[in-house]
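Please examine the sequence and the structure shown below before reading on.

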Amino acid sequence: MAAAAAAAAAEQVKKSMREKAVERRNVNKEHNSNFKAGYIPIDEDRLHKTGLRGRKGNLAICVIILLFILAVINLIITLVIWAVIRIGPNGCDSMEFHESGLLRFKQVSDMGVIHPLYKSTVGGRRNENLVITGNNQPIVFQQGTTKLSVEKNKTSITSDIGMQFFDPRTQNILFSTDYETHEFHLPSGVKSLNVQKASTERITSNATSDLNIKVDGRAIVRGNEGVFIMGKTIEFHMGGNMELKAENSIILNGTVTVSTTRLPSSSSGDQFGSGDWVRYKLCMCADGTLFKVQVTGQNMGCQTSDNPCGDTR
């Protein structure tokens, strides 16, 4: 037995290099083709699941999509700001920001509505004009209830609290609506003033020119304590009726001339008795008091039962 074992061991030791290589190749081939080696069947439902699954996965996808949309919007806003402000390697090409709070536009700017801060100033360079252009639209400057509108055919200023124009260099007041402190005067070069309603104590012209009040429709002059019209010559030209009303009396002091070219007249007295016409005769007292008497016949005088003049007419 010992001799047989020694012979077998001698045969194993005596294997050549080629035999050993063939044997090693066969062992590797068998090992690589044996896929079930070391396999243990496991129930996957009992294993701990990792990662985002189910609703958590859907929520994660929604968050990623939302972040992507926000990134795209941020990119668009950045591109718009870059195109409008024109940011370059040397800074902003269209505007400058100063430490004093001044914002200076260096190029032509297209803006719709500008909201300045409290007590802000809009101006131009010292030796250049400030040009503001509206494309077929009026240019409106508004602060509270005060509004300045520059249109193609007119410039209007409206305010509920008044307005004042002054020279920024000399601080001299050129025009003011503070009538309690400054008397109202038209600025130099302004020949006419167009208003819908004016409340004032008096209206006068200078000594070398006439005061003309013109209206397209109806003019109403009303005074709480009376209306006094004084002048070298006072003329009223109207296309319709003229109505004078007073609580106490109407006094015409001076030469009064009435042009009857446009007053209705009749060549015969037939119409006095008919109901088509109601006529009155204008009479004047010695002291200048005017009163009317209804005309009921031809060649009628100023006799009336209610005598406003006393004994003399």
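**Basis of the report**

This is a predicted model, in which local features need pLDDT of at least 70 and side-chain atom pairs count only at pLDDT 80 or more, while totals for chains, interfaces and linings use all residues. Residues are numbered from 1 along each chain as its sequence is written, and side-chain values use heavy atoms, with hydrogens and water left out.

**Disulfides**

A disulfide is taken here as a pair of cysteine sulfur atoms within 2.5 Å. The count by this rule is two. Counted along the chain, the bonded cysteines follow the pattern 1-3, 2-4. The table lists the two pairs.

| Disulfide | Sulfur–sulfur distance | Torsion about the S-S bond |
|---|---|---|
| Cys283 and Cys302 | 2.1 Å | about -90° |
| Cys285 and Cys309 | 1.3 Å | about -60° |

The torsion of about -90° makes the disulfide of Cys283 and Cys302 left-handed. Strands (E, at least two residues) and helices (H or I, at least four) are DSSP runs, numbered from the N terminus. Burial is judged by relative accessible area: buried means under 20%, exposed over 50%, and partly exposed in between, with a 1.4 Å probe and protein chains only. On this scale Cys283 is buried, at 3%, whereas Cys302 is partly exposed, at 22%.

The disulfide of Cys285 and Cys309 is left-handed, with its torsion of about -60°. It links distant parts of the chain, with Cys285 in the loop between β10 and β11 and Cys309 in the segment after β11, 24 residues apart. Both Cys285 and Cys309 are buried.

**A charge over a ring**

A charge sits over a ring if NZ of Lys or CZ of Arg is within 6 Å of the ring centre and within 35 degrees of the ring normal. The charged end of Lys292 meets this rule at the ring of Tyr280, lying 4.6 Å from the ring centre.

**A sheet of three strands**

Strands of a sheet pair through backbone hydrogen bonds, either parallel or antiparallel. Two strands are counted as paired if DSSP finds at least two bridges between them. In this model, an open sheet of three strands has the order β5-β6-β7, with antiparallel pairing. Strands β5 (139–143) and β7 (155–158) stand at the edges with a single partner strand each, so one side of each has no neighbour in the sheet.

Five bridges join β5 to the antiparallel strand β6 (residues 146–150). Phe141 has Leu148 in β6 as its bridge partner. The hairpin formed by β5 and β6 has two residues between the strands, and Gly144 in the turn has a positive phi of about 65°.

The antiparallel pairing of β6 and β7 extends over four bridges. Here Ser149 stands opposite Ser156 in β7. A hairpin of four residues connects β6 to β7.

**An annotated region**

Which residues does the UniProt annotation "transmembrane region" cover? According to the unreviewed UniProt entry, this annotation covers residues 59–85. UniProt positions are given in the numbering used here, feature names are shortened, and annotations may be inferred rather than shown by experiment. In the model, the chain over residues 59–85 is 100% helix and 0% strand, and the end C-alpha atoms are 39 Å apart.
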